[in-house]
Structure formats: structure tokens, C-alpha cells
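Please read them with the structure open.

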Amino acid sequence: WQQVLSSLHEFYSEDIFDEIFSQLSNVKKHSGGYIYVIAPNPYTKSRIERLYLGRINHIASTIYKKELVKFKFVLAEELIGETSLVGPEKNLEHKYRHGDLNATLSFDNFVVGKSNRFAFQMALKVADQPGVVANPFYIFGDVGLGKTHLMQAIGNYIADNDITKNILYIKASAFIEEFANQLKNQTIDEFNEKYRDVDVLLIDDIQMMSGAPKTQMEFFKVFDFLTQQNKQIVITSDKPASELKNIMSRLTSRFEQGLLVDIGVPDLEHRVEILRKKLTTEAPDVNDLDLNVLEFIASYFNTNVRELEGALKRVLFYCVTNNIDISIDTATEALDSLIKTRKKTAALTENNYDKIQSVVSDYYAISVHDLIGKRRNSKYTLPRHIAMYLIKNKYNIAYKTIGSLFGNRDHSTVLAACEKIENELKHNNEMKIAVDTILKKIEKYSN
Ligand code: ADP
Ligand code: MG
């Protein structure tokens with residue numbers, strides 16, 4: 001690989017080299033005529049495959065004159081199944097049951113903490129008595145926080161208790177596609193039969209249906225038919241039903257009649273627990289991994305459980321293939337490129353939220369401490385609400401995330417604040433001027 005790298009250096013500019021090739025880590029794995037190289041993310045991987053793979057394999061053929069050797073670019077998590085790290089149970093992941101239910105996503109391996117306790121408890125109840133407790137059961141939250149996992153756990157639990165139950169899991173995007181195919185091929189009967197015959201319908205990422213009104217109409221019929229017969233429907237979404245855009249209100253109001261639960265971001269302790277659990281299933285032969293290493297990983301990957309898991313797999317893979325002990329030092333090496341990019345984005349965004357908070361508190365002559373604090377005098381609440389509104393408008397991050405920047409206020413508090421300011425701005429000229437002035441200051445600050 002070093003030889004290939006130095007040849008590549010001659011072909012490509014320093015910029016491309018830095019951006020693409022310097023981020024790859026060599027893997028001393030060589031099997032079936034392939035040498036594996038780990039790409040730091042899917043984007044880099046696909047760029048290499050599209051743009052550079054031909055050149056790389058050509059260079060390889062000049063280096064390995066006799067053998068036929070090719071390079072393969074993979075993500076760390078893709079390779080893990082191929083190492084001795086993982087026992088046979090890992091293959092379960094590819095064993096799907098009805099529809100696309102993935103048997104490895106269970107309640108047992110869902111780690112419960114403050115951010116998901118209520119959602120978990122209600123999911124268990126729904127799974128225990130499908131069609132009785134809450135219909136539909138609607139789970140929302142940001143990406144990578146366990147919505148699909150929890151939904152599939154419900155399906156698996158019901159399937160385990162009663163094999164006669166017909167459980168169907170489908171992503172909303174696939175439902176749209178099926179509906180379109182049904183129109184094209186005139187297979188409406190088949191389509192109807194499939195969806196009217198289910199006992200439990202799990203529909204993932206419903207927000208994908210926005211802007212597909214015909215599909216929504218059809219889904220409404222399915223929804224209506226199934227709920228009338230008390231068949232359980234579970235829905236996931238990246239936002240609460242009331243905030244879904246371009247989804248007919250006939251549907252959203254029905255969603256709101258069910259039970260809505262949200263999943264938030266796990267705190268540090270919870271994240272460490274998730275890593276610990278993963279370790280016991282992913283790498284049972286790695287015992288007594290230093291708690292500090294887990295905390296180290298958990299401290300960097302703090303917004304998305306999928307990324308958190310990916311980081312752990314990467315560390316395990318790196319240390320096992322290079323035959324080195326797992327420590328904070330080696331974990332840092334393994335995660336080097338990921339941490340660098342994360343630091344960059346984190347620094348950027350956090351500073352900007354900070355900036356808005358400090359400009360607003362400056363403008364109203366209060367401290368940032370009071371801006372995000374608990375005091376309820378309008379002297380503090382007005383600037384607080386304006387700052388929330390500005391962050392929402394500028395970055396469009398989840399209300400819950402904004403709440404966490406203001407002393408852990410909840411979703412609905414932030415939502416109400418933003419709406420209040422938005423309405424006020426329609427007729428309150430004085431406030432408009434204030435907000436414009438603040439915006440200008442923020443711009444100036446940013447440059
Ligand atoms: P979402 O659907 O919200 O984007 P997923 O359910 O796909 O997120 O979760 C992403 C990954 O994180 C999955 O591999 C899932 O198993 C894992 N995960 C998320 N939350 C938990 C949890 N509380 N305990 C264990 N694993 C979790
Ligand atoms: Mg999902």
C-alpha cells in the first residue's frame with residue numbers, strides 16, 4: 001500500500017492526496033486476491049471506487065507482477081464480519097424474517113436510559129398487547145437514535161410470541177415504490193391483499209411520504225382498514241406528527257390520536273452502556289476492555305448511536321488486525337481521521353450556537369448564564385425565546401437539541417417559544433428591528 005501511495009502521489013495533486021488518500025488506513029489483510037484498505041466514510045469510499053480504483057489496481061498490477069492482486073476499499077464496519085473477532089451468531093444479522101424484520105434487533109439488546117426509557121416501556125406494552133394499548137404507536141427522534149431498532153423489536157417480540165401473526169415491516173420509501181409499481185403493472189389486487197392481510201404493520205420513516213400525495217391516499221386506506229380491525233400499526237419519523245410537512249392532515253391527525261413517544265440523545269453513561277453491550281455481542285473474546293477506552297469513544301461520538309457503534313467497530317478492527325492492545329492511544333490512532341472531521345464540524349456549529357447566545361444576551365444586556373438559565377422574568381424570557389428562534393431558523397436543528405442548549409428544556413417549550421416569536425414578528429415592528437439588528441451583529445461576528 002505504501003508503494004501504491006507513493007505512485008499515486010505522482011498522479012494527483014496535493015489537495016486530492018490529502019483529502020482522499022491520506023485518510024485511508026492500511027490493513028494487513030490479504031485474502032482471496034484482495035488487499036483491504038479502510039475508508040473513513042462511505043463518501044470517500046464511493047469516490048475512490050468511482051474515480052480512482054482503476055488507477056490503483058493498475059498500479060497494483062505493476063507492483064505484484066506475478067500474482068493477481070486487487071485492492072478493495074471498505075468501511076471498518078463492513079470488514080468486521082470477516083475477522084475472527086466475531087462468532088457465528090453475527091451471521092444472524094442477515095437472517096430476515098417476515099418482510100424485512102431483522103431478528104437481531106430485539107428488546108434484549110436495546111440499552112435503556114433516560115433518553116429512551118418512556119419510548120421503550122411503551123413499546124414493550126404495545127408488543128405485549130398489539131392493537132390494544134396505543135394505535136398507532138408513533139416513535140420520533142433524530143437519525144441514528146434507535147427508532148428502527150425499537151420498532152423492529154416490537155415486531156420480533158410479537159413474532160416470537162405468536163408465530164401465526166403476520167407482521168410486515170416496510171420503509172415508507174419502499175411503500176411508495178410498491179404503490180407506483182402496482183399502478184404500472186396493474187396489480188392492485190395483490191397489493192391490497194398484501195396490506196390488508198397483516199396483523200402488525202411497521203412503517204419506517206414516514207416523513208419520506210411527504211410530497212407523495214397519491215401514496216398517502218392509499219396509505220390512509222390501509223391505515224383505516226387495519227386500525228378499524230384493531231391491527232397494530234407502528235410508525236417512525238424524524239419529527240412529531242404535528243410537524244410533518246406535506247403529509248395530508250387526514251393522516252397526521254390520525255397519528256396524533258395514537259401515542260407519540262420520542263427518543264432523545266443518550267447521555268455519556270448511557271452511551272458507555274451501549275458500547276459495553278455491543279462489545280459482549282460483537283467481540284465476546286475481547287474481555288475486560290478498559291472502561292476509559294469506552295468513555296473515550298463515547299465522549300467523542302455523542303449524537304448518533306450508529307456512529308458510536310461504528311467507532312467501536314473501527315477500534316476493534318484496527319487493534320485486532322494490527323495485533324495491538326486496545327488502549328486510549330491505539331483507539332485515538334484508529335479513530336484519528338473520524339475525530340478530526342468531527343472536531344471540525346463540532347467546533348463550527350457549537351461556536352455558532354454560542355455566538356447567537358452571546359450576541360442576543362449582549363443586545364439585551366443580560367448574561368448568557370441568565371439567557372439559558374431558569375429565571376422567568378420577561379427580561380430574560382424574551383431574549384431566551386428570540387435566541388431559540390434564531391438558532392432554529394438559522395440551523396434548523398431539532399427543538400429538543402435546541403432545548404439542550406438552553407439548560408435542557410424540552411421539545412414543546414422550545415417549539416412554543418419559536419412559534420411565539422414567529423407570530424410576534426408578523427406585527428411587532430419593534431421586535432423586527434431588534435431581530436434584524438441582532439442578525440447583523442451575528443453576521444459580523446461570524447466574519
Ligand atoms: P434510527 O432508526 O433512529 O435512525 P436505528 O434504530 O437504526 O436508528 O439505530 C442505529 C444503530 O444504533 C442500530 O445499530 C441500533 O441497533 C443501535 N442503537 C440505537 N439505540 C440503541 C440502544 N438504545 N441500545 C442498543 N443499540 C442501539
Ligand atoms: Mg431508522
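This is a predicted model: local features need pLDDT of at least 70, side-chain atom pairs count only at pLDDT 80 or more; totals for chains, interfaces and linings use all residues.

1. The protein chain holds 19 helices and 8 strands. Of its 447 residues, 32% are buried. Take the contacts between residues at least 6 apart in sequence: 71% of them join residues at least 24 apart.

2. **Ligand 1.** How many residues surround ligand 1? The shell has 17 residues, and the closest are Gly 146, Lys 147, Thr 148, His 149 and Val 305. Two elements give two or more residues to this shell: helix H6 (147–161) and H13. By class, the shell splits into 7 nonpolar, 7 polar and 3 charged residues.

3. **Leu 145.** This residue sits in the loop between strand E4 (137–141) and H6. Is Leu 145 buried or exposed? Leu 145 has 24 other C-beta atoms within 10 Å, and 20 or more count as buried, so Leu 145 is buried. Leaving out residues up to four places away in sequence, Leu 145 touches Ile 263, Val 265 and Val 305. Thr 303 is 158 residues from Leu 145 in sequence, yet their C-alpha atoms are 8.1 Å apart.

4. **H11 against H13.** Helix H11 (residues 268–282) packs on helix H13 (residues 305–321) at about 50 degrees, with the axes 10 Å apart. The two are therefore oblique to each other. Their crossing is right-handed. From H11 come Arg 271, Ile 274, Leu 275, Lys 278 and Glu 282; they meet Val 305, Leu 308, Glu 309, Leu 312, Lys 313 and Leu 316 in H13. The class count for this contact is 6 nonpolar, no polar and 5 charged residues.

5. **H16 against H18.** Helix H16 (residues 378–395) meets helix H18 (residues 411–427) at an angle of about 90 degrees, and the axes lie 8 Å apart. An angle of 65 to 115 degrees counts as roughly perpendicular, so that term applies to H16 and H18. On the H16 side are His 385, Ile 386, Met 388, Tyr 389 and Lys 392; on the H18 side are Val 414, Ala 417, Cys 418, Lys 420, Ile 421 and Glu 422. This contact counts 7 nonpolar, 1 polar and 3 charged residues.

6. **Val 222.** Helix H9 (residues 213–228) carries Val 222. Val 222 is buried, with 21 other C-beta atoms within 10 Å. Arg 196 lies 26 residues away from Val 222 in sequence and 6.7 Å away in space, C-alpha to C-alpha.

7. **Backbone points to check.** Most residues other than glycine have a negative phi, and most peptide bonds are trans. Asn 135 and Pro 136 are joined by a cis peptide bond, with omega about 0 degrees. Pro 136 is in the loop between helix H5 (117–128) and E4. Gln 186 has a positive phi, near 50 degrees. Its loop runs between helix H7 (172–185) and helix H8 (188–196). Gln 186 is exposed, with 9 other C-beta atoms within 10 Å. Asn 246 also has a positive phi, about 60 degrees. Asn 246 lies between strand E7 (232–237) and helix H10 (249–257), in the loop. Asn 246 is exposed as well, with 11 other C-beta atoms within 10 Å.

How values were computed: Residues are numbered from 1 along each chain as its sequence is written. Chains are lettered from A and ligands numbered from 1 in the order in which they are written. Axes are lines fitted to C-alpha atoms, for helices over the stretch in contact, and angles run from 0 to 180 degrees between N-to-C directions. Helices (H or I, at least four residues) and strands (E, at least two) are DSSP runs, numbered from the N terminus. Angles under 35 degrees count as roughly parallel, over 145 as roughly antiparallel, 65 to 115 as roughly perpendicular and the rest as oblique. A crossing is left-handed if the near helix is turned anticlockwise from the far one by less than a right angle, and right-handed if clockwise. Two residues are in contact if their C-beta atoms, placed from the backbone, lie within 7 Å. Ala, Val, Leu, Ile, Met, Phe, Trp, Tyr, Cys and Pro count as nonpolar, Asp, Glu, Lys and Arg as charged, and the others, Gly among them, as polar. A residue is near a molecule or strand if its C-beta atom, placed from the backbone, lies within 6 Å of it. A residue is buried if 20 or more other C-beta atoms lie within 10 Å of its own, exposed if 12 or fewer, and partly exposed in between; C-beta atoms are placed from the backbone.
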